[in-house]
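Please view the sequence and the model alongside the text.

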Amino acid sequence: QKHATNVHVWFFYVLYNMASSLEDQRFRKTIEFLHKANVSQYVKLPQIAAMGDTSCGKSSLLSQILGTPLACNSEITTRCPVRIRLEKGDANSDARVDVRWNDSAHEGVYQKKSVPREKLHLEIRDAQDQILSTVGKSVAPDIIEIEVFDPQWDGLTLIDLPGIVRHVGKNDDVNLKQGIRDLIDEFLKNERCIILAILPANVDYHNSEILDDAREVDPDTLRTLPIITKADTIDKGAEGPVLKVLMGNETEFALGFHMVKCRNQHALDTDVTIEQAIAEEERFFRVNEPWGSVADRMLFGVPALQTKLSRIQCDMIKKAIPSIRDEIRALKDQCEKDISQVGSTLSTDAERRN
């Protein structure tokens, strides 16, 4: 009888989790449908956007989350938003690349493509070049949409934004700095956008522009998740202050801090794979102090961050869906009211002349 009771408890636990997972996927697919329908032009939709200075480790982090190399070097590689969708599916499937133009006049300029994962970064670069040459700017709000499949993913969508620029080089467009600033501000001001604030470990958090920007638009820190990157660049003996920041002893954020160690330039130059990098990251945080003594292991590493982001995304979407529905209904009602004021359809030349 006790065994039967345990089986029943286990059975309903599994059913509950399956139902919760299906509900999460349903909500997420609803938001994806609204994004594809360009509803984001009229209603702010939930999203997670990675922001930070150039060379802060943002692209390396997203590459490791994606499991596929993205362009990573010291130059400004991202000049328009890249929306990354991780979907459950065959890991051997080609990635999909599309462009969502900010101006409908440019629709059809770039053709949606399927490309091998190992060539995804090249296709992103080509799509970005197409956008910039079409709009005639050095940075643009038009979005490159990519979709990558893996059997281990339950679904996660992230946006990579251009890195913050403080100084413009002599060969750069003089409007580059302000263009990036305006683009990032659009996402910062979206109250339904989770801010992934990327902070290199070798930079004092007091000097982080993105943390300052995040606190300005999110004073209660309810939608800001600071990510400490480049954990291996901390000077020996200087780990203590970084540990205090990670544990929230220096400054508090409602979502807490997270720390990762991704491929550095040497690893990229020596063709270290992402799988090898993830294994090395796990070893690094396990054997090196003070990280190895921290009880909460969910503070470290890209796999733990993926789990955390999936949960944050689901919670955010569930919370936002009712108000999004109300806003869409209000816009629809106003549209119908405006249409009714136009009057009935004119069917004859005399009516049109009058």
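## Helices on the sheet

In this predicted model, helix H9 lies across strands S1, S2, S6 (156-160), S7, S8 and S9, and runs at about 100° to S6. Helices (H or I, at least four residues) and strands (E, at least two) are DSSP runs, numbered from the N terminus; contact means heavy atoms within 4.5 Å; and axes are lines fitted to C-alpha atoms, for helices over the stretch in contact, with angles from 0 to 180 degrees between N-to-C directions.

The sheet itself is open and made of nine strands in the order S4-S3-S5-S2-S6-S1-S7-S8-S9, with mixed pairing, where two strands pair if DSSP finds at least two bridges between them. Its edge strands, each pairing on one side only, are S4 (113-115) and S9 (258-259). Helix H3 (residues 120-135) also packs on this sheet, where it touches S2 (82-88), S3 (95-100), S4 and S5 (143-150), and its direction makes about 165° with that of S5. S1 and S7 (residues 193-200) run parallel and are joined by five bridges; Ala-50 has Leu-196 in S7 as its bridge partner.

## The cavity

The structure holds one cavity of 30 Å³ or more, a cavity being a set of points, on a 1 Å grid over the protein atoms alone, where a 1.4 Å probe fits but cannot get out, with lining residues having an atom within 4 Å of a point. The space in the largest cavity is about 70 Å³, a volume being the space filled by probe spheres set on the points, which are joined across faces, edges and corners.

H1, S1 and H9 each supply at least two residues of this lining, and among the lining residues are Arg-28, Ile-48, Thr-157 and Met-316.

## Backbone details

Asn-38, in the loop between H1 (2-36) and S1 (47-51), has a positive phi of about 60° although it is not a glycine, and at 18% relative accessibility Asn-38 counts as buried (under 20% relative accessible area; exposed is over 50% and partly exposed in between, with a 1.4 Å probe and protein chains only). Lys-230, likewise not a glycine, has a positive phi of about 55°, and at 28% relative accessibility Lys-230 counts as partly exposed. A cis peptide bond with omega of about 10° joins Glu-289 and Pro-290.

## Basis of the values

Residues are numbered from 1 along each chain as its sequence is written, and side-chain values use heavy atoms, leaving out hydrogens and water. Local features need pLDDT of at least 70 and side-chain atom pairs count only at pLDDT 80 or more, whereas totals for chains, interfaces and linings use all residues.

Conventions: On a 1 Å grid over the protein atoms alone, a cavity is a set of points where a 1.4 Å probe fits but cannot get out, and a pocket is an open set with protein on both sides within 12 Å along at least five of seven lines; lining residues have an atom within 4 Å of a point.
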